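Please read the following note alongside the sequence and the model. The points begin with the ligand and then turn to the nonpolar core.

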Amino acid sequence: MKIYKNIPLKKYNTFGLDYKADCMIHIKTEKEATAFFNGEVSWQKPLLIIGGGSNILFTSDFKGTVLYPELKGMKIEEEETENGYVIVSAGAGIIWDDLVEWTVIKGFGGLENLSLIPGKVGATPVQNIGAYGVEVRESILKVKTISTDDGSMRIFNNAECQFGYRNSIFKTLEKNRFLVTRVYYKLTTSPSLNLYYDSLKQEVNMLGKETLSNVRQAVINIRQRKLPDPELVGNAGSFFKNSVVTSAVADKLKKEYPEMPVYEEREGYKKLASGWLIDKCGWKGKRIGDAGVHDEQALVLVNYGKATGKEIFNLSQEIKKSVYEKFGVDLEREVEVIGVI
Ligand code: EPU
């Protein structure tokens, strides 16, 4: 375990924001995580657990303790080639795309559509990350955690995670109560590809055969075209969630805007492409100081260099206001805002 005081957060958040945390603790093993939470180590509340820092917006210095899990290791736990599946596990601190790359090289299917999503393994069940017609909930078998109350271990099976669209029990009922240490994924050894997303299918066909590695490459190509690389321009992927509205609201808007993308949701609800709504309000490519709206994807807010978290937050408020005024839709942030506003 390593303890750092008064630490700059710039390299711990993909917006590249220059705030500080009073204290940061790096944890490398489950034993250290247990010791941290069962009272053997004293630390200052509040607690913030961060992975790749790819889904947070700091708006001020963090007056508390940031826990940075560095648990490593990717392994095959069980291989049932005859039944066509394999169980792999990965430590919370593994870079997500390293895991995806490894599974694709091994010929295991299930994660390939989720290639190049920034962040660490530990955040994947929390966020239920998703892209190109696939959500990680479809592959998660179980999630190993340590209770932040007393350091005890608890395993959540898939149903217990209560997954929803970019949501899980770890963001709702049990927020901040469990530290994810290891995630177990059930993958297929004779993959059936998910190419329902039209533009993905087209990209794969341009690359050649419909194979796992071509799907991964196609996703990488599309993402690199549409989404800014956080190494070059600070961003946290989609800043807002797509908007779930009642079918009545969606149908009414669709009549007015026939070209508007609408997706099926659970019974009685539909999902609207928030990027399209923001784009239609004229925000795509707009910039206020160093805070901006990405010019290829209006759902993504960017830091061109010296924006503060507050400036990015204020821009998001302006966007929310204009989408509400034009469409009556209240955008919900996907990114978690941490700090004083
Ligand atoms: N659109 C516009 N203008 C824009 C952006 C989008 O008209 O500026 C339209 C597109 O043309 C398309 C629709 O809106 O018809 C949806 O756009 P896109 O396919 O780019 O995906 P998205 O719904 O905006 C979601 C995820 C992304 C994920 C993509 C691909 C959320 C919040 N975002 O975006 O995830 O990569 O689908 O599956 O669900 C992330 O979560 O950080 C993320 C990048």
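**Notes on the ligand shell and the core**

1. Helix H7 gives the most to the shell around the ligand, with three residues; helices (H or I, at least four residues) and strands (E, at least two) are DSSP runs numbered from the N terminus. This is a predicted model, in which local features need pLDDT of at least 70, side-chain atom pairs count only at pLDDT 80 or more, and totals for chains, interfaces and linings use all residues. Residues are numbered from 1 along each chain as its sequence is written, and side-chain values use heavy atoms, with hydrogens and water left out.

2. The ligand is surrounded by 24 residues, a residue being near if one of its heavy atoms lies within 4 Å. The closest are Tyr 132, Tyr 165, Tyr 197, Asp 279 and Ala 298.

3. Oxygen atoms of the ligand lie 2.9 Å from a polar side-chain atom of Gln 297, 2.8 Å from a backbone N or O atom of Ala 298, and 3.2 Å from a side-chain N or O atom of Glu 334.

4. The largest nonpolar core has 46 residues, where a core is a set of buried (under 20% relative accessible area, 1.4 Å probe, protein chains only) Ala, Val, Leu, Ile, Met, Phe, Trp, Tyr and Cys residues joined through side-chain atoms within 4.5 Å. Helix H8 (309-327) gives the most to this core, with six residues. Because domain 1 (2-69) and domain 3 (234-338) both give residues to this core, it lies between them; the domain bounds come from an automatic or database assignment.

Conventions
Polar contact = N/O pair within 3.5 Å; in protein donor to acceptor, adjacent residues only side chain to side chain. Buried < 20%, exposed > 50% of the residue type's maximum accessible area, 1.4 Å probe, protein only.
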